Amino acid sequence: MKQASQPNMLQIIEQVYDQSKHCMLEETHFKKLENELQPLAEYLGTNQQQAFFVAIYIVTYLKGDDDDLIDLARYFDCNPLRLLHYVKDLKALEDRCVLMRKEDGNMIPTRVRYLVNDVLVDAVLKDMPVPTLSRPGFKDVYELLEKVYKIGRQRKQEIIMTFILEHNMTRLMRENMHFSLIHMVDALQLKPIDNFHLLLVIWKTLIGDEREFLPETLETAFDRSSSQARYFQALLSGENKLIKHKLLEIVSADFLDFSKIKLGKEALQMLKRCDMRVSQRKQHGENTILPQQIMRKSLYFNREETAQLGQVEKLLYETNLKKVRRRLSSTKMSGGITVLFHGAAGTGKTEMVMQLARRTGRTLIKVDISQSKSMWYGESEKLIKGIFSSYSSVADSCDLAPILFFNEADAIISSRVEHSKTTFDKTENAVQNILLEEIEQFDGILIATTNLVQNLDTAFDRRFLFKVLFNKPEPAVKASIWKYKLPHLSKEKCLLLAKQHDFSGGQIDNIARKCEMHMVLNGRKATMAEVHGFCDKEELMLKHNTSIGFRRVN
């Protein structure tokens, strides 16, 4: 743009505005103002008609008005349609960032509102040359993503329609290619509506609301139910590029209305390349536990269990695991690590898995199998596949391979029913077959726990590389547990408790909790006699509980 010349541009703008009232916007009016419009056009680097509208909008800006084209028509005293002859000029000014369309979503051409670039106004007021103009940018990509969310809110509140949303997305993408995330998304060559959904779910994920309800997402984007239905079907069938290219993933529930949509493997990798971190717990739900969230606990086992667990722990340290996997790969063997902890209840199986995750710095994905079994026929199979799919998503966003933890897996790895006739048995067998197939192909880290190893199906027995039996602790080990739980007792008293009461670590923990409650309620530590009393009551309860775990009745 050219440098300003005399007379003063502000004076010219004032003259153009004052002389244009009731001008009816006739061609003769532009000729009448030619002496004013020519130097203004040279200053702005525009044609005279464009310079005219810039002058008008600068004055309305300084007056604090927010005029649309109909308001201008009233000032000019002309038919509003007359202004539509100059839409190309207004669009050219918009493209050069001299004018900016106000995003109020109004679709009527004569109701469009423009704001003049305040950088230009500042130059005019200071009688300075016009600097290079640009649309006010975003400080970072997070502001841009928030803008995408706000565009969605405008559509949901019916302030704008779908085609305006798409138009805004196209412009946002075009003007913000300097952000690496936007550049990567643009390279995917998605439709504007797909760009909207992808960036919206990315924003939701980054702020911790990682699973967007699918029906709500579609309602946000579409103003017509038929368009929403077609798009929904394309997502569910996997035909949509977002699903096909693993950018988004649908998490199905028992009812379609509660389906959720979350970031897929490729989108998570994209964020990782942009150095945009996602909290795995927020990303993948409450069952995902980060190692730093696990409280440190001391565990005591018999010598044989200690040796076996030491080998498992040693294997799970990343340096060793990489070496082992390279070795297995060179011999064409599977690199998956599968471990089964089995034994009586209360012997520390679950807590040991937690501590292994904490010590080796691995994220833990805890799955309670009993909660994953659905009452709806056919859904259990989907849920099992979904568990392994979710594991892969977490693994892609973790620096270290996470641990998939099947807690209390009795209900799913027990012996299959031969010659099954009932729908229930057929479904159970189908679920187990799918689980066997998934474990066979699994290349991550899986640890399962069970109290009833005697019911273990032989097919599952072969799938577990390590099988560690958790026996009840020997007297010396029990004494160490007593001392750890009740440090105020002497070693001799702890050994006496260990010999007199055949408790597991979990049962000793129950006694210790009662002692802590006693301290709070009575203001003093429990005496040895009171501790023995707690033990007697625990043994009395055990006599009435003759079975532990689940029994299957055929």
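View 1. Helix α18 (residues 303-316) lies across β7 (337-343), β9, β10 and β11, and runs at about 140° to β11. Angles here go from 0 to 180 degrees between N-to-C directions, with axes being lines fitted to C-alpha atoms, for helices over the stretch in contact. Helices (H or I, at least four residues) and strands (E, at least two) are DSSP runs, numbered from the N terminus. A quick word on the source: this is a predicted model, where local features need pLDDT of at least 70 and side-chain atom pairs count only at pLDDT 80 or more, while totals for chains, interfaces and linings use all residues. Residues are numbered from 1 along each chain as its sequence is written, and side-chain values use heavy atoms, with hydrogens and water left out.

**View 2. Where α18 meets α19.** The axes of α18 and helix α19 (residues 318-330) come within 5 Å and cross at roughly 85°. That makes the two helices α18 and α19 roughly perpendicular, a label for angles of 65 to 115 degrees. On the α18 side you'll find Lys 314, Leu 315 and Leu 316, which meet Glu 318, Asn 320, Leu 321 and Val 324 of α19; contact means heavy atoms within 4.5 Å. Sorted by class, this contact has four nonpolar, one polar and two charged residues. Ala, Val, Leu, Ile, Met, Phe, Trp, Tyr, Cys and Pro count as nonpolar, Asp, Glu, Lys and Arg as charged, and the others, Gly among them, as polar.

**View 3. The open sheet, strand by strand.** Six strands line up in the order β6-β8-β9-β10-β7-β11, with mixed pairing. Strands β6 (288-289) and β11 (466-470) sit at the edges with a single partner strand each, so one side of each has no neighbour in the sheet. Two strands pair if DSSP finds at least two bridges between them. Strands β9 (residues 403-407) and β10 (residues 445-450) pair in the parallel sense over four bridges, while six bridges join β7 to β10, also running parallel.

**View 4. Strand β10, covered on both faces.** Six of the six residues of β10 are buried, meaning under 20% relative accessible area with a 1.4 Å probe and protein chains only. One side carries Ile 445, Ile 447 and Thr 449, and the other Leu 446, Ala 448 and Thr 450, all buried. As for bridge partners, Leu 404 has Leu 446 in β10, Phe 405 has Ile 447, and Val 339 stands opposite Ile 447 too.

**View 5. Leu 404 and the largest nonpolar core.** This core has 50 residues, and Phe 341, Leu 404, Phe 406 and Leu 435 have the most contacts inside it. A nonpolar core is a set of buried Ala, Val, Leu, Ile, Met, Phe, Trp, Tyr and Cys residues joined through side-chain atoms within 4.5 Å. Leaving out residues up to four places away in sequence, Leu 404 touches Ile 365, Val 367, Ile 387, Phe 388, Tyr 391, Phe 442, Ile 445, Leu 446 and Ile 447. Another core lies apart, with 45 residues, including Phe 52 and Leu 69.

**View 6. Helix α5, tucked in.** Six of the eight residues of α5 (residues 69-76) are buried, so this helix is largely enclosed by the rest of the structure. The buried ones are Leu 69, Ile 70, Leu 72, Ala 73, Tyr 75 and Phe 76. They pack against α1 (9-19), α4 (48-63), α6 (80-83) and α7 (87-95).

Conventions. Angles under 35 degrees count as roughly parallel, over 145 as roughly antiparallel, 65 to 115 as roughly perpendicular and the rest as oblique.
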